[in-house]
Amino acid sequence: MLSIWMVSLLFLAVGLVVLASGIFTLQYNHQAPANRAFFALTVAITIWSSGMALSTIAPDAATGEIWRRFSAIGWGATYAILLHFVLIITDKPYPYRKWWFYGCLYLPALIMLFAFVIPNRMNPYPYLLHYTNYGWINVAQNNVWDWIFYLYYIGFTVLGLVFLYQWGKKSSDESIKKKSRLICLAIIIALILGTLTDVVLSSLYSELPQMAPVIMLIPVLAIYHILQKDSFGITEGVDRKTSYMNIFICVLMYLILTAMQFFVLNGGFAKGPVTLDESTIKGIIVQLQMFISLYLVLKENRPGYIVSFLMNAIALVATVGFMIRFNSTESLPGIISHTGVLVIITLIRIYKEKNAAYIKKINTQIVKEKFYSSVFKQAPVGIAIMNGQKHTRYEEFADININPMYEQILGRTKEELQNLTWPEITHPEDIAVNLAYYEQFEKGNIDHYSLEKRLIKPDGSVVWVNMVIAPFSASGEKSDDHVCIITDITERKEMEAALKYSNENVPLTGLYNRSVMERILKRDALLPWTDKRGLVYINLSSIHALNPRYGFHYNQVMLKKIANSLKVFCNDNYILFNTYDDRFIFYVKGYKDKNELLVFCEAVADTINSHLYIHGITAGIGVIEIDEAQMRDIDELLRMLLITSEMAAKNNIKGNSIIFYGPEIEAQATRENEISQELTEIAEGIRPERLYLQFQPIIDLSSNRLCAFEALARLNSEKYGLIPPLEFIAIAEKNNMIVPLGEKIILQALSFLKKLKENGHDNISVSINISMIQLLNAGFAEKFIDSIKERHLDPENIGIELTESVFTVEIEEINTVINSLKAAGIKILIDDFGTGYSSFARGSELNIDSIKIDKCFIDKLLTVKPEEAITGDIISIAHKLGQCVIAEGVEQEKQRCYLRDYDCDRIQGYLISKPLDEEAALAFLNEKMSSCQNSAGYQD
């Protein structure tokens with residue numbers, strides 16, 4: 001009999017502990033899906049366990065079967081709920097709120113409910129109960145319904161294990177891996193033990209009780225172990241001090257005492273050597289139950305209270321039921337006792353919560369005081385309590401009136417500060433502003449204020465601080481004291497000063513930049529117009545010619561020297577700005593007249609010339625005298641100044657050019673803009689015939705045969721007529737139109753070469769002038785070669801002429817393009833050789849085929865003796881470098897004879913022919929061919 005009750009009590013104890021766990025979990029966050037699933041799992045196990053307990057001690061088989069059917073509600077749903085719970089915690093994607101998903105998930109549970117809970121014809125005898133030493137035990141029949149259940153619980157359990165294993169395996173978090181392993185191990189142990197006790201042993205040994213509800217404690221406790229360590233979203237704040245093993249033991253003891261009380265009521269101790277009477281025994285049992293209840297509430301915190309409340313509530317209901325069932329007053333003391341216990345444990349719980357809150361409040365206050373004291377002493381800002389203009393000591397806070405950071409910022413001790421007023425340590429320039437604020441604060445007009453000021457240290461050095469002044473009252477009453485909070489911003493101020501300098505000054509020269517100049521001009525535009533004002537723009541763009549000769553660093557050093565020299569002219573009326581790396585502007589005020597301004601510009605030009613004359617470069621100086629109307633539009637004013645300086649820079653070939661702005665400058669700018677507009681239209685395909693080519697013949701001196709043409713671009717402007725190439729090419733390069741225009745020029749030149757081929761002149765070549773901007777444009781070589789191939793032309797008959805500006809480009813960069821062209825058979829020529837940047841030293845580094853001697857060397861052949869001219873030397877050196885030599889601008893027979901005597905290869909110029917239109921060039925070629933055939937048997 002005792003073993004029956006012990007098994008039953010074990011089941012009941014498991015049910016109570018599991019249910020308490022579910023309630024405890026749910027009360028913290030009842031909205032979390034995992035919490036609800038875990039609570040449902042504990043309810044199912046509780047129904048299972050309590051049904052087994054009541055079935056075990058049933059008075060007959062029929063009653064036992066009823067409780068078995070009740071128990072089936074729990075074990076039928078447990079495994080579906082467990083899989084649902086695993087899906088949630090492993091974050092498996094499944095269609096929430098879809099009826100078909102829940103239908104599939106809980107369908108096996110519904111089948112179990114139909115087969116083992118509800119009486120039906122398909123399974124009329126689901127249980128085979130017989131009485132043993134452990135009460136009513138069910139013997140497994142292993143029929144089809146039993147096998148369906150086995151498949152259900154094993155299949156769902158294994159599926160859950162698979163999800164848990166994948167969860168741990170895929171995660172890189174070690175804590176998740178550990179959780180996965182622990183829960184998997186607990187479920188595997190429960191699966192093996194449950195199968196062993198309730199399936200295998202139940203079939204072999206019908207005397208053994210089925211212990212699956214008890215075994216289910218293993219995964220439940222495993223989950224709680226994880227909850228007590230670090231949770232995983234199931235609950236929030238599980239009490240780690242709670243021991244669920246203690247709770248389980250106390251529940252079991254309570255149930256045993258309840259059983260003993262039942263025995264006493266039924267005369268269970270009437271027989272035997274017990275000397276205590278029945279009332280004494282019941283009193284002892286009741287006191288022990290009360291002790292257990294109180295122990296759980298006091299020792300095991302909230303979970304203990306839940307379990308204790310459940311036990312006594314169930315006991316109270318059972319006692320009331322016993323009194324009603326047997327119509328006896330014997331259980332009345334038990335009703336009073338259980339009611340009293342419920343009241344007492346609830347009061348204890350309330351007291352504990354209030355006491356815990358009070359202790360927490362006290363601890364919080366202690367922590368706050370420590371925190372405030374720590375913050376005051378360790379704060380990275382200075383804090384001091386002030387009274388009027390003095391530092392004071394507030395007695396309520398002992399020595400907490402000036403913190404260490406305040407002393408550190410000011411470089412003074414607390415004792416020194418208490419003998420000083422704040423005006424005494426304030427910088428003289430900041431006292432007036434500070435006093436004005438303080439007076440408003442003292443009168444109550446403002447409740448606080450802040451400002452940036454300078455304080456003086458004992459050594460006389462200055463520290464910048466951001467100071468905040470606000471009222472202060474220690475007791476909450478109105479007080480004359482105020483709190484002063486200071487932050488050291490010295491470093492920030494230094495950074496601001498450096499940043500301001502960086503924003504307003506050019507690093508290289510230290511001069512004000514363009515933004516400062518514009519700000520000053522806008523400011524002066526608002527002032528009364530009492531004196532003359534002007535701007536002097538110094539354009540040093542030609543200084544970049546020094547880069548390829550001496551390098552960038554030398555160029556920078558030269559600009560710095562020039563800037564330092566120009567600073568000599570600076571005063572209140574002559575302010576110098578560095579608006580760009582090679583541009584300087586003087587803002588001149590208060591000069592007498594234009595002549596005085598010109599004298600100043602000449603002095604500036606002489607100063608600049610002292611630095612640049614040895615390098616053969618000059619500067620352009622543009623000047624504008626400002627009137628009141630111009631001052632209102634700064635952008636327009638600077639535009640006029642810029643075009644004036646650029647024109648001066650173009651006209652500075654023979655020396656520094658000084659140009660004053662006037663109508664002619666504006667007319668020149670207008671002309672440039674209109675030509676630029678025409679070039680844009682041509683590039684876009686609007687009347688492209690305005691840009692056309694002329695072809696100047698080139699003669700081979702040794703055979704006197706016409707061997708090539710140079711393609712020369714011409715622009716026929718609708719407004720200005722024929723525009724010189726030097727003018728419109730420069731405009732095209734300046735306005736980024738040279739690439740599309742250059743492509744049109746190339747196509748026209750190739751078209752002419754194709755026409756030469758069609759007319760039987762296969763050996764005549766055409767050279768095309770190419771801008772450096774166009775040459776270095778991405779994909780130029782590939783596109784040029786493709787155009788030649790499309791027209792089936794021989795690349796050997798094509799040359800490209802590069803200006804001497806090629807020598808300002810990095811050799812590797814230009815040689816990459818040149819080599820691509822030469823590999824295709826195209827010839828490379830250097831135009832205007834001997835002027836500007838060109839030199840044999842640089843030329844030898846480039847992979848070129850020919851040089852074209854500039855016209856200035858050819859012109860000198862008319863005025864100097866042949867032995868004094870260097871043209872022959874140029875030809876000789878070029879030949880030694882393996883280069884062909886072409887002389888440009890040959891106009892006299894004397895020049896031709898010299899060039900022939902010094903072995904010049906080819907010549908071109910007005911002596912041969914001026915540049916010709918396409919048809920005229922073909923006619924000239926045919927005429928020349930006929931002449932050569934008649935005189936020397938010319939063969940094409």
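This is a predicted model: local features need pLDDT of at least 70, side-chain atom pairs count only at pLDDT 80 or more; totals for chains, interfaces and linings use all residues.

Visitor: Let us take glutamine 774: is this residue buried or exposed, and why does it count that way?

Guide: Glutamine 774 counts as buried because its relative accessibility is 3%, and the cut-off for buried is under 20%. This glutamine sits in helix 25, which covers residues 772–775. Leaving aside residues up to four places away in sequence, glutamine 774 touches Ile738, Val739, Gly742, Glu743, Ile746 and Phe780.

With that residue placed, we can look at some other parts. Helix 12 runs through residues 332–378, which makes 47 residues. At 1.5 Å a residue it should span 69 Å, and its end C-alpha atoms are 67 Å apart, so the two values agree. Buried residues in helix 12 include Gly334, Ile335, His338, Val341, Leu342 and Ile345. Further along helix 12, Arg349, Lys352 and Phe376 are also among the buried ones. As a general point, an α-helix has 3.6 residues a turn, so residues three or four places apart point the same way.

Next comes strand 3, made of residues 382–387. This strand is mostly covered, with five of its six residues buried. Strand 3 runs antiparallel to strand 7 (residues 481–488), and six bridges join the two. In one of these pairings, glycine 382 has isoleucine 486 of strand 7 as its bridge partner. Strand 3 also runs antiparallel to strand 4 (residues 390–391), here with two bridges. Asparagine 387 is paired with lysine 390 of strand 4. Strands 3 and 4 form a hairpin with two residues between them, and glycine 388 in that turn has a positive phi of about 65 degrees.

Two or more of the patch residues come from each of helix 3 (61–89), helix 4 (99–116) and helix 5 (144–170). Helix 4 gives the most, with four residues. One member to look for is phenylalanine 70, which lies in helix 3. Phenylalanine 70 counts as partly exposed because its relative accessibility is 31%, whereas glutamine 774, where we began, is buried at 3%.

Definitions and conventions. Residues are numbered from 1 along each chain as its sequence is written. Side-chain values use heavy atoms; hydrogens and water are left out. Buried means under 20% relative accessible area, exposed over 50%, partly exposed in between (1.4 Å probe, protein chains only). Contact means heavy atoms within 4.5 Å. The expected span of a helix is 1.5 Å times one less than its number of residues. Two strands pair if DSSP finds at least two bridges between them.
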